[in-house]
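I opened this model to look up a few points. My notes follow in the order I took them.

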Amino acid sequence: LYYLLKPNELKLFDELSPQNKSIFWEKCWADRDPVPETQTNEYMEQYMTRWNHVNRVFTHGNTEGWRTDQGRIYIIYGAPDQIERNSVGLATNPWEIWSYFEKNYFFIFADLLSLGKMKLVHSNVEGETQDEFWKERLFKGHDRLYYEQFDNTR
């Protein structure tokens, strides 16, 4: 429920008895069921499919996939329509841009320490990380020409 609930709802959930947590859990999913007439809760199935996917794909060391920035974005927004990747080079740290065309959203992830752990460094989505200096952090300052060329893309 971590990405479904607001902070005050999470606090309430944490304070419930085990029996009341179970009731809360059932109600939470029932409230989000897009077709309550069916036995299947399509929203819950989609959410759990995403949850399982991110734990397979984005787990890094002792950090479970759902606790990573990429895992969180994937769970909340779904699979991106396009992923642009750039691996490590002399001029940059590894980075990815996830684009969601229907909502015109983008998320930029970078491995700022070159340790294989991607962090969200910038997005155009309200409430998500927005860092006006993300390009400077991404481009270690080594190759100004490459930076300026990239600057024209976002």
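Where does Asp 131 lie? I found Asp 131 in the loop between E4 and helix H5 (134-138). I am working from a predicted model, and I keep that in mind throughout.

**Entry: Asp 131.** Is Asp 131 buried or exposed? The relative accessible area of Asp 131 is 15%. The cut-off for buried is under 20%, so Asp 131 counts as buried. I then looked for a polar partner. A polar atom of the Asp 131 side chain lies 2.8 Å from the backbone nitrogen of Phe 133. I also listed the contacts of Asp 131, leaving out residues up to four places away in sequence. Val 121, His 122 and Arg 137 are touched by Asp 131.

**Entry: the whole chain.** I stepped back to the overall layout. The protein chain has six helices and four strands. I read the elements from the N terminus as α-α-α-α-β-β-β-β-α-α. The chain has 154 residues, and 38% of them count as buried. I checked contact range too. Of the contacts between residues at least 6 apart in sequence, 35% join residues at least 24 apart.

**Entry: the sheet.** What is the order of the strands? I traced an open sheet of four strands, E1-E2-E3-E4, with antiparallel pairing. Strand E1 (82-86) and strand E4 (119-123) are at the edges. Each has a single partner strand, so one side of each has no neighbour in the sheet. From one strand to the next, the twist averages 20°. A reminder to myself: strands of a sheet pair through backbone hydrogen bonds, either parallel or antiparallel.

**Entry: strand pairs.** I went through two of the pairings. How many bridges join E2 and E3? Strand E2 (residues 95-100) pairs with strand E3 (residues 105-110) over six bridges, in the antiparallel sense. Trp 98 is opposite Phe 107 in E3. E3 and E4 are also antiparallel, and they pair over four bridges. Ile 108 has His 122 in E4 as its bridge partner. His 122 is one of the residues that Asp 131 touches. I checked how covered E4 is. Four of the five residues of E4 are buried, so I count the strand as mostly covered.

**Entry: Ile 83.** I picked Ile 83, which lies in strand E1. Ile 83 has a relative accessible area of 33%, which makes it partly exposed. Which residues does Ile 83 contact, aside from its neighbours within four places in sequence? I found Glu 96, Ile 97 and Trp 98. I then took the distance from Ile 83 to Ile 108. The two are 25 residues apart in sequence. In space, they are 9.7 Å apart, C-alpha to C-alpha.

**Entry: H2 and H3.** I ended with a helix pair. Helix H2 (residues 18-32) packs on helix H3 (residues 42-57) at an angle of about 110°. Their axes are 7 Å apart. Are H2 and H3 roughly parallel or roughly perpendicular? Angles of 65 to 115 degrees count as roughly perpendicular, so I class H2 and H3 as roughly perpendicular to each other. From H2, the contact is made by Trp 25, Trp 29 and Arg 32. From H3, Tyr 43, Met 44, Tyr 47 and Met 48 take part. Six are nonpolar, none is polar and one is charged.

Definitions and conventions:
Residues numbered from 1 in each chain as written. Predicted model: local features only at pLDDT ≥ 70, side-chain atom pairs only at ≥ 80, totals over all residues. Heavy atoms only, no water. Pairing = 2+ DSSP bridges. Helix = DSSP H or I, 4+ residues; strand = E, 2+ residues; numbered from the N terminus. Axes fitted to C-alpha atoms, helices over the stretch in contact; angles between N-to-C directions. Buried < 20%, exposed > 50% of the residue type's maximum accessible area, 1.4 Å probe, protein only. Polar contact = N/O pair within 3.5 Å; in protein donor to acceptor, adjacent residues only side chain to side chain. Contact = heavy atoms within 4.5 Å. Parallel < 35°, antiparallel > 145°, perpendicular 65-115°, else oblique. Nonpolar A, V, L, I, M, F, W, Y, C, P; charged D, E, K, R; others polar.
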